[in-house]
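Walk through this model with the sequence and the coordinates side by side.

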Amino acid sequence: MNTHSPLRPQPGRAARAGTAVATGALAALLAGCTLMPSASDEAAPASTSNAAGSRATTSTTTPVSPAPADSTMGARPAPSAATRPPPPAPISLGGASRPAGRTSSSAAGPGANVAGESRTFSTQLATYTSVGYDKVPGWVQDDFSETWPAFLTSCKVMNRRGAEWKQICDRASTVDGRSNAAIRNFFEAEFSAYQIRDDDRRPDGVVTGYFEPEIAGSRNYAPPFIYPVYGQPQDMLFLDGRKIPAGSTSVPARIQGNQVIPQAGLSTRDLGAAGIYVLELSDITRDTLDRKIRLRAEGRRLLPYYTRQEIESRGAPNAKVLAFVDNAMALYEMQIQGSGRIRLNDGEVIRLSYAEQNGQPFRPTLAKNSKGKTQTAVRTRGGAVELVLDEEDDDGGFDTSVIRVRGFTLAKPTVMGAVAVPGQRTSASAKGSGIQDPSYVFFKESTSTAGGPVGAFGVPLEPGRSIAVDPRATPLGYPVFVSTTEPVGNKPMQRLTVAQDTGGAIRGAVRADYFFGNGTQAASQARRMKERGQLWVLLPRGLPVAAASGGAIRTRGGAVGDGLPQCLVEEEGLCVDD
């Protein structure tokens with residue numbers, strides 16, 4: 001693993017552009033031709049789901065990330081002279097200007113943090129500090145036209161998430177996608193760059209890689225194709241963890257469809273009533289990012305959904321079998337990657353994408369070296385396993401007894417046996433695959449054969465420009481600039497990407513996972529990729545963010561204050577606060 005810090009080029013055109021903005025603004029002011037409206041005159045968007053409201057404390061407002069004075073974005077259609085409205089007055093934003101109609105700190109509510117105005121703010125996991133684009137290493141040198149298709153694809157989802165994003169995506173449709181300068185100016189005008197640091201305020205984190213694997217398989221059960229690839233089980237139930245009464249050990253509940261609804265006002269005397277189930281909380285894991293708890297019903301009891309070992313020993317009769325494969329470890333790798341392809345004997349390819357997970361924590365079996373030390377440095381926090389930087393990290397070399405996936409070096413089972421398959425008689429007892437990780441991923445067939453696989457954000461991934469992130473620290477759909485090095489040759493790898501995926505193996509504040517595509521070369525690059533890196537998330541100027549002030553009291557390496565939220569931006573199904 002490369003351990004040197006990413007190179008930082010000297011400020012170039014971006015710095016000179018910032019000077020030009022300041023000079024032009026001063027000249028206009030002296031000429032008396034610019035009237036800056038007060039904050040109360042700014043129009044707020046019709047709706048937004050990201051207001052920090054009472055969560056945020058005091059924020060620090062300073063001039064940050066000035067927008068370029070002359071944008072080369074594509075021209076919008078001009079209205080006729082009879083209907084043309086008067087030009088909107090520019091709105092002051094810490095020395096930069098932004099189009100009228102954006103929300104501001106006054107519209108966001110007292111104490112809210114606003115991108116482009118707040119200098120720094122924090123969540124439980126990370127601290128964010130605004131920087132000028134001239135301070136982002138490699139920003140000017142990047143080819144933004146390579147990122148543009150991924151960003152426009154994200155806009156298909158983001159333009160439904162409040163007026164702020166709709167305005168940005170509408171303006172994006174006017175940009176000349178063939179002009180690198182036009183695209184760069186668009187991002188600089190619309191977004192403020194914030195460097196992400198971990199909860200100890202360290203800027204360096206881990207950048208890994210992943211790919212879309214392909215393995216041999218069959219539609220029918222016949223040795224050697226004996227390991228089933230399951231779709232989402234129909235008996236899986238879901239409970240919103242935010243609705244569990246505090247301090248309870250067991251909760252009465254009803255089942256409506258596939259939803260578990262806790263019943264308030266009932267006592268233990270009511271547990272025998274018709275339609276009432278008992279939810280025992282002692283075995284429940286509540287700290288999932290989406291706050292959804294996966295359950296199953298057994299008699300009148302509601303229990304955590306089956307572990308991997310239980311699924312392999314009893315089968316999953318309520319789940320559709322999409323295919324059978326001949327290698328349990330290859331299937332496990334596909335589950336960690338989150339998508340894949342199964343090639344049948346007749347040449348047909350089944351394309352799979354993530355459907356659900358059994359709710360159990362990701363607990364991989366890490367490979368050890370000859371000295372008994374694990375080859376992957378990790379830490380466990382809040383039930384999640386996080387990769388950490390390790391100057392002596394051992395990549396496993398050519399050791400065939402291990403497998404490298406998303407930065408983890410995993411030990412292969414010493415004994416790999418058969419698993420139970422509903423409706424099939426195995427030639428040997430179902431001892432299981434030997435994989436000890438309790439987590440289990442269910443897939444769904446993808447009808448699309450072109451482009452990348454569909455990530456957690458719901459859009460196809462773009463090789464080299466889509467990344468997987470921890471949605472607590474980096475919201476999906478947002479542009480993220482990554483500065484790291486290539487896995488071979490120590491060449492700087494600095495580019496704008498879009499956060500479009502996540503996974504149980506991707507945890508931590510400064511954490512990114514490059515999608516390399518599919519094929520042998522992509523697999524080789526992804527398995528070798530584990531480098532030191534830094535991240536800058538681009539936040540829409542004027543967007544309220546769900547983060548408390550950076551001045552909140554924190555203890556280095558210890559627990560954080562109750563006032564800090566978990567998510568930078570809340571989004572149902574991805575990251576929500578209690």
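Predicted model: local features only at pLDDT ≥ 70, side-chain atom pairs only at ≥ 80, totals over all residues.

Residues are numbered from 1 along each chain as its sequence is written, and side-chain values use heavy atoms, with hydrogens and water left out.

The protein has 8 helices and 30 strands. These are DSSP runs numbered from the N terminus: helices are H or I with at least four residues, strands are E with at least two. Of the 578 residues, 52% are buried, where buried means under 20% relative accessible area, with a 1.4 Å probe and protein chains only.

Now take two helices. Helix α3 covers residues 148–158 and helix α4 residues 163–172; they pack at about 140 degrees, with axes 10 Å apart. That angle makes α3 oblique to α4. Axes are lines fitted to C-alpha atoms, for helices over the stretch in contact, and angles run from 0 to 180 degrees between N-to-C directions. Oblique is what remains once angles under 35 degrees count as roughly parallel, over 145 as roughly antiparallel and 65 to 115 as roughly perpendicular.

Which residues of α3 meet α4? W148, F151, L152, C155 and M158 in α3 meet W165, I168, C169 and A172 in α4. The residues of this contact are 9 nonpolar, no polar and no charged.

Helix α4 is mostly covered, with 7 of its 10 residues buried. They are A163, E164, W165, I168, C169, R171 and A172. Their cover includes α3, α5 (180–190), β6 (191–198), β25 (479–485) and β28 (530–540).

Two single residues complete the tour. E312 lies in helix α6, residues 308–314. E312 is buried, at a relative accessible area of 10%. Leaving out residues up to four places away in sequence, E312 touches V419, A420, A430, G432, S433 and G434.

T127 sits in strand β5, residues 126–131. Its relative accessible area is 1%, so T127 is buried. T127 and D199 are 72 residues apart in sequence, yet 6.5 Å apart in space, C-alpha to C-alpha.

Definitions and conventions:
Buried < 20%, exposed > 50% of the residue type's maximum accessible area, 1.4 Å probe, protein only. Contact = heavy atoms within 4.5 Å. Nonpolar A, V, L, I, M, F, W, Y, C, P; charged D, E, K, R; others polar.
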